[in-house]
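Please look through the sequence and the model shown here. The report that follows goes through selected parts of the fold, one topic at a time.

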Amino acid sequence: MKDFWEEKQGKQEKKINKKKIIILVILVILLITCITIGIIYAKNEQFRNWIDINVLKKEINQENLPTIELKEDDNPTICAFSQNIGVLSKNEFKIYNSTGKEEKTLTLEITTPIIDTSNRYLAIGEDNGKKIYLIADKEIVWEKEITGNISQIAVNQNGYVAITIVNTSNKAVVEVYDEKGNELFKTFYATNRVADISLSNDNKYLAVAEIDTAGTIIKSNIQIISIEAASNNPDNSIVKKIEGQNNDLISNIKYQEKNKLICMYTDRIDSISEDGNIETLYKSEDKKITFIDINMQNSIIAIEEKSSGLFTADSNVSIINTDNKSVINYTVDSVTKEIYTGNNIIGLNLGTEMEFINTNGWLVKRYIGSQEITKVVLSNSIAGIVYRDRIEIINL
């Protein structure tokens with residue numbers, strides 16, 4: 001009897017082992033299949049396009065999208081921030097969600113706005129006026145009336161705001177506020193023009209790009225100011241000053257991750273690390289560059305137009321990682337008419353179509369319309385295709 005039970009138990013164990021082997025083989029086959037499909041998807045453009053359209057449903061038509069209706073006579077200002085679309089008209093700022101539903105209306109005394117967004121924050125001021133507001137999600141956090149006229153604003157992902165003010169006794173003044181609206185400090189520029197400002201996302205630094213046009217040679221300088229030091233002693237707060245070469249003309253600066261300050265000149269893009277090391281990331285000489293953008297989280301992009309036929313051209317998008325300097329290329333068989341960026345998303349206006357790609361060079365969404373696209377608003381989560389009478393909403 002003992003031998004019988006031992007023999008039966010052995011047979012059961014063998015059956016269990018066979019099941020495990022079958023399951024293991026199936027898992028291995030599935031893994032190999034997924035890896036193979038992934039490699040083909042990455043390497044084969046036609047296969048990738050088929051998967052994007054038929055399996056991942058990345059191609060969308062305007063007929064299937066939620067919309068926000070606009071009154072053509074109102075001439076509204078439209079923006080995208082976080083997961084919302086904002087529409088400003090006649091001192092009313094209406095906030096819509098990703099389905100096109102109106103969720104909030106705020107009263108803003110703004111006629112001609114300038115806007116900057118970061119994460120859940122939106123700073124909106126009167127261009128060449130005095131009013132400025134900080135909005136978080138769907139609420140006004142604070143509002144101010146400035147002495148002088150606002151020419152630039154910048155907000156970081158924690159809600160710190162920097163404002164460039166002109167038409168005072170100085171050439172320019174830069175004021176910095178915390179997320180609650182408390183003024184931290186002012187810095188004054190008696191003779192130089194402020195070209196751009198940027199705040200680091202850890203609230204440590206304010207960078208100011210200034211242009212000296214007083215002499216016969218144009219010079220661009222960058223000041224990096226410690227916000228903590230400036231709050232206590234503004235006269236002793238500059239941690240670094242970078243003097244540009246003769247005839248260097250700076251147009252934009254942007255703090256990215258790890259406190260890298262990205263600086264865009266007419267012929268190149270430089271990166272300044274937190275310890276002050278300067279490195280050239282990109283040179284545009286000898287290239288037919290149509291667009292360059294540095295307003296991203298960890299990348300810069302350059303679009304080069306390349307002839308593909310007698311009357312046709314492709315757009316080659318170079319996405320350069322500002323950390324490891326790797327370059328990813330993405331090509332569209334059309335001329336890019338305009339670009340838009342939102343953190344890690346790049347929007348390419350191709351006429352009646354839009355392609356939204358991420359900084360890894362993958363297609364996120366392709367929009368196909370029936371009329372020429374003239375304006376797009378974009379964040380990392382949502383895009384709005386703006387026409388005269390409506391906004392079509394795309395969730396990214």
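## Two loops with a positive phi

Lys-90 is found in the loop that runs between strand E4 (84-89) and strand E5 (92-96). This model is predicted. Lys-90 is not a glycine, yet its phi is positive, at about 55 degrees. With a relative accessible area of 68%, Lys-90 is exposed, because the cut-off for exposed is over 50%.

Asn-119 lies in the loop between strand E7 (113-118) and strand E8 (121-126). Asn-119 is not a glycine either, and it has a positive phi of about 55 degrees. Its relative accessible area is 52%, so Asn-119 counts as exposed.

## The hairpin of E9 and E10

Strand E9 (residues 131-136) pairs with E10 in the antiparallel sense, over six bridges. One of these bridges has Ala-136 as a member, and its partner in E10 is Glu-139. The hairpin has two residues between the strands, and Asp-137 there takes a positive phi near 60 degrees.

## Aromatic pairs

Two aromatic rings can be described by the distance of their centres and the angle of their planes. A search of the whole structure finds three aromatic pairs. In one of them, the ring centres of Trp-142 and Tyr-177 are 5.5 Å apart and the planes stand at 35 degrees, so this pair is tilted. Trp-142 belongs to strand E10 (residues 139-145) and Tyr-177 to strand E13 (residues 172-177), so the pair ties together parts that are 35 residues apart in sequence. Both Trp-142 and Tyr-177 are buried.

Tyr-205 and Tyr-255 form a stacked aromatic pair, with 6.5 Å from centre to centre and 20 degrees between the planes. Tyr-205 lies in strand E16 (residues 205-212) and Tyr-255 in strand E19 (residues 250-255), so this pair ties together parts that are 50 residues apart in sequence. Tyr-205 has 13% relative accessibility and therefore counts as buried. Tyr-255, at 4% relative accessibility, counts as buried too.

## Charges over rings

Two arginines are placed over tyrosine rings. Arg-120 lies over the face of Tyr-121, at 5.0 Å from the ring centre. The charged end of Arg-268 sits over the ring of Tyr-265, and the distance to the centre of that ring is 4.1 Å.

## An open sheet of four strands

Strands E23, E24, E25 and E26 form an open sheet in that order, with antiparallel pairing. Strand E23 (289-293) and strand E26 (327-332) stand at the edges and have a single partner strand each, so one side of each is left without a neighbour in the sheet. On average, neighbouring strands of this sheet are turned by 15 degrees against each other, direction ignored.

E23 is joined to strand E24 (residues 299-307) by four bridges, and the two run antiparallel. Ile-289 has Glu-304 in E24 as its bridge partner. In a regular strand, side chains alternate between the two faces of the sheet.

## The whole protein

The protein has three helices and 33 strands. Its C-alpha atoms fill a box of roughly 105 × 55 × 50 Å along the principal axes. Of its 396 residues, 46% count as buried.

The protein exposes about 20,800 Å², and carbon and sulfur atoms supply 47% of this area. Among contacts between residues at least 6 apart in sequence, 40% join residues at least 24 apart.

Note on methods
Residues numbered from 1 in each chain as written. Predicted model: local features only at pLDDT ≥ 70, side-chain atom pairs only at ≥ 80, totals over all residues. Heavy atoms only, no water. Pairing = 2+ DSSP bridges. Axes fitted to C-alpha atoms, helices over the stretch in contact; angles between N-to-C directions. Phe/Tyr/Trp six-rings, centres within 6.5 Å; stacked < 30°, edge-to-face > 60°. Buried < 20%, exposed > 50% of the residue type's maximum accessible area, 1.4 Å probe, protein only. Lys NZ or Arg CZ within 6 Å of the ring centre and 35° of its normal. Contact = heavy atoms within 4.5 Å. Areas by Shrake-Rupley, 256 points an atom, 1.4 Å probe, with all protein chains shown as cover.
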